[in-house]
Amino acid sequence: PNEMEVEESIHLTDFPVANEDLMDSKYQKIWETLIEVRKDVLKPIEVLRGDKTLGHSLESEINIYADEDVYNVLNNNQEELAPLFVVSKVNLHKKEDAPSATYEGKLVNVAVKKSKYKKCLRCWKYEESVGKNKEHPDLCERCMGVVEKYYSKR
């Protein structure tokens, strides 16, 4: 690898230049789609935050209704969706199943609702598993596993 030049100040340092040979057009297209869907998702969430129905976007659970091509991209990247949209849960549906009371975005229709679950005090997501474990009643199942693995006395 090339050595980075060290300048007197960070403000004098140039940004690194992307190596075009390493660019993958397939993944670039996928991420362009995910970013556009994110824009569609954020708008109805902001409306609910504006009217104080939601305090934070993690309080929400969203239903996304997408045409087949976008549905396939979203379905193949399920693990990325909730963190990318900063919500607690994403439910994915075909666009033909969209109820009339959805926000119609550029790529998808979106329905947002406040989660009925409790907030995990570690990750702040609203999860069904919070409160199910007596030893860690304020943690979701994922965080409970992390705490038990890395922080519990052995």
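Please keep in mind that the model is predicted. Its largest nonpolar core has 24 residues, and the structure holds five salt bridges.

**Nonpolar cores**

- As background, nonpolar side chains tend to be buried together in soluble globular proteins.
- In the largest nonpolar core, of 24 residues, the members with the most contacts inside it are Ile-62, Ile-64, Leu-74 and Phe-85.
- At least two residues of this core come from each of helix 1, strand 1, helix 2, helix 3, strand 2 and strand 4.
- Helix 1 is the element that gives the most to this core, with six residues.
- Another core, of seven residues, lies apart from the largest one, and includes Val-130, Leu-139, Cys-140 and Cys-143.

**Helix 3 and its cover**

- Helix 3 runs over residues 78-85, and its buried residues are Leu-81, Ala-82, Leu-84 and Phe-85.
- Among the elements that cover these buried residues are helix 1 (25-50), strand 1 (60-66), helix 2 (68-75) and strand 2 (89-94).
- Check the backbone just after helix 3, where Val-86 takes a positive phi of about 55°.

- With neighbours within four places in sequence left aside, Asn-63 is in contact with Asn-91, His-93, Asn-109, Val-110 and Ala-111.

**Salt bridges within helix 1**

- Among the five salt bridges of the structure is one between the side chains of Glu-36 and Lys-39, at 3.0 Å from N to O.
- Both Glu-36 and Lys-39 belong to helix 1, where they sit three residues apart, about one turn of the helix.
- Glu-36 is partly exposed at a relative accessible area of 22%, and Lys-39 is also partly exposed, at 44%.

- The side chains of Glu-59 and Lys-114 meet in a salt bridge of 3.4 Å, N to O.
- Glu-59 lies in the loop between helix 1 and strand 1 and Lys-114 in strand 4 (residues 108-114), so this pair ties together parts that are 55 residues apart in sequence.
- Glu-59 is buried, with a relative accessible area of 12%, whereas Lys-114 is partly exposed at 47%.
- Glu-61 forms a salt bridge with Lys-113, with 3.8 Å between the closest N and O atoms.
- Because Glu-61 is in strand 1 and Lys-113 in strand 4, the pair ties together parts that are 52 residues apart in sequence.
- Glu-61 counts as buried at 9% relative accessibility, while Lys-113 is partly exposed with a relative accessible area of 43%.

- Salt bridges that share partners join Glu-36, Lys-39 and Lys-106 into one network.

Key. Residues numbered from 1 in each chain as written. Predicted model: local features only at pLDDT ≥ 70, side-chain atom pairs only at ≥ 80, totals over all residues. Heavy atoms only, no water. Buried < 20%, exposed > 50% of the residue type's maximum accessible area, 1.4 Å probe, protein only. Helix = DSSP H or I, 4+ residues; strand = E, 2+ residues; numbered from the N terminus. Contact = heavy atoms within 4.5 Å. Salt bridge = Lys/Arg side-chain N within 4 Å of Asp/Glu carboxyl O. Core = buried A, V, L, I, M, F, W, Y, C linked by side-chain atoms within 4.5 Å.
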